[in-house]
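Dear colleague,

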Amino acid sequence: SMKFKVLHNTVAFIGGEFFSHAINFFAGILVARSLTSESFGQLSFVFVYLSFFEIFAQFGLNSVLTREMAQKTADAPRILGNAILLRLILIGGSFPVALLLVRILGYPFSVQTGVWIASFQLFLALRSIYETVFRVHLAMIYPALVNSFRALINLGLVAGVAYFHPTVIHFILAYLGSGSVALVAVVFLARRFVRINFRWDW
């Protein structure tokens, strides 16, 4: 029944979020213990700095996309394709601004290097677009499993990196690596529900 699907969907999402957050907590402890206070501060700054540009790249699309796809199921492939293209345009605009601004503000070269590499996380914002598919179809078990899998991969990479006298860049690469795996998994699973149409609708 619909009530059971909604309940199952909610429980799966909450359970997955709890598990992934718990795993990420332990990964965070490993990172903090592996870096000096200065390096950990630089790592934290890099991700906080980029989070502002990620907000712009998100642009509130997810809630609008969920509503449109739920109301216009026949047009879902085209709507999703348009949302992905728009997200890519926003990411393309955010990417150079983030790199240029950190240079103009005169941050140390080590911080600038971290931002240059970590800025690829902006492309990981595509994942939330694809997760809308599961939200509409009440199939949040899939992103919940992917998030849990990503957290485990991230923990494994962080633990491996922590063993070899790591730098800030090593942990950034670990984060990007696990995030990229999660993005590919979500894209693959979303194709089971919607065949995306990338025809731009002006």
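Is Arg127 buried or exposed? Arg127 has a relative accessibility of 14% and counts as buried, where buried means under 20% relative accessible area, exposed means over 50%, and partly exposed lies in between, computed with a 1.4 Å probe on protein chains only.

Before going further, please note that this is a predicted model, in which local features need pLDDT of at least 70 and side-chain atom pairs count only at pLDDT 80 or more, while totals for chains, interfaces and linings use all residues. Residues are numbered from 1 along each chain as its sequence is written, and side-chain values use heavy atoms, with hydrogens and water left out.

The structure holds four salt bridges, a salt bridge being a side-chain nitrogen of Lys or Arg within 4 Å of a carboxyl oxygen of Asp or Glu. One of them joins Arg127 to Glu131, with the closest N and O atoms 3.8 Å apart, and Glu131 is buried at 11% relative accessible area. Both residues lie in helix H6 (residues 126-136), four residues apart, which is about one turn of the helix; helices are DSSP runs of H or I with at least four residues, numbered from the N terminus.

Elsewhere, Lys72 pairs with Glu68 at 3.0 Å between the closest N and O atoms; Lys72 is partly exposed at 40%, whereas Glu68 is buried at 18%. Arg67, Glu68 and Lys72 are linked in a network of salt bridges. Asp75 and Arg78 also meet in a salt bridge, at 3.5 Å from N to O, with Asp75 partly exposed at 32% and Arg78 buried at 18%.

Terms used: Helix = DSSP H or I, 4+ residues; strand = E, 2+ residues; numbered from the N terminus.
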